[in-house]
Each structure stands twice: as C-alpha cells, then as structure tokens.
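Please walk through the structure shown below. The explanation starts with the whole chain and ends at a single residue.

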Amino acid sequence: QLQLVESGGGLVQPGGSLRLSCEASRFTLDYHSVAWFRQAPGKEREGVSCMSARGGVTNYVDSVKGRFTISRDNAKNTVSLQMNSLKSEDTAVYYCAAGYVYDYDELDDCHYDGMDSWGKGTLVTVSS
C-alpha cells in the first residue's frame, strides 16, 4: 500500500561508503517493519537488513554485518541504509521494502517475509 522510492545509489570505489535512502508516501511507515534487499546480476534476491516496526530490533545478513547500518526516521517517513567498507561483492540493485504489522506482539520482530510494499530499486556499483 505504500509507495517506496529509493535513492542514493551510484558508483563507489572499494572501501568507500554510500548511504541509500527510501522515502515512503501515500501512508506513513508507522506500524511497518522495513527491510533492504539486493539482487546482483545472475543471482537471487537476498535480504540485507531489516528493522522492526518500533525500530528496536535489527538484523543483518552475515556478509554485511559490521559494515552496514539500517535506520528509520518516521517523522520524515524514510528508511536509510548506511554502507561502509564497500566491497565489489556488494554490487547489486538494492530494494527497499515494508510490511504492515497487524499483531501488536510482533511490533518488535524483524523478518524479511511479509513485505507488501516494494520500491523499484537503486543500483550500487562498487568498482575501481
């Protein structure tokens, strides 16, 4: 139900940093779990990071732990992904996604499934 638009992708050298942003419209991000996915050429889409609806719980795929940080700003209705120490393996189209949480007890859960809103993606290329 949300409209999500990613931005911030581009070309960056290995070891560099990039910050992706995702702006939501039509509805607010309140009560939504959010996540970032990525898909490299010839590979399946994978979940990169997720954050619970209330923002207190996060998860990262092993390959980006310690390098990527997900955050959200409900006042601005945005989700961000700070990417540091980028590697060539991080090259992919990155997608923002969100899923409405109907169960009050799941507001602090972080999952990659149940995403019902998706952005069109932004390309990140890590190369020298």
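Helices (H or I, at least four residues) and strands (E, at least two) are DSSP runs, numbered from the N terminus. By that rule the protein has zero helices and eleven strands. The model is predicted, so local features need pLDDT of at least 70 and side-chain atom pairs count only at pLDDT 80 or more, while totals for chains, interfaces and linings use all residues. Residues are numbered from 1 along each chain as its sequence is written, and side-chain values use heavy atoms, with hydrogens and water left out.

The C-alpha atoms of the protein fill a box of roughly 45 × 30 × 25 Å along the principal axes. Buried residues (under 20% relative accessible area, with a 1.4 Å probe and protein chains only) make up 43% of the 128 residues.

Strands of a sheet pair through backbone hydrogen bonds, either parallel or antiparallel. Here, two strands count as paired if DSSP finds at least two bridges between them. Strands S3 (residues 18-25) and S8 (residues 78-83) pair over six bridges, and Leu18 has Met83 in S8 as its bridge partner.

Strand S4 (residues 32-39) contains His32. Is His32 buried or exposed? His32 is buried, because its relative accessible area is 7%. Leaving aside neighbours within four places in sequence, His32 is in contact (heavy atoms within 4.5 Å) with residues including Leu2, Arg72 and Tyr100.

Notes:
Buried < 20%, exposed > 50% of the residue type's maximum accessible area, 1.4 Å probe, protein only.
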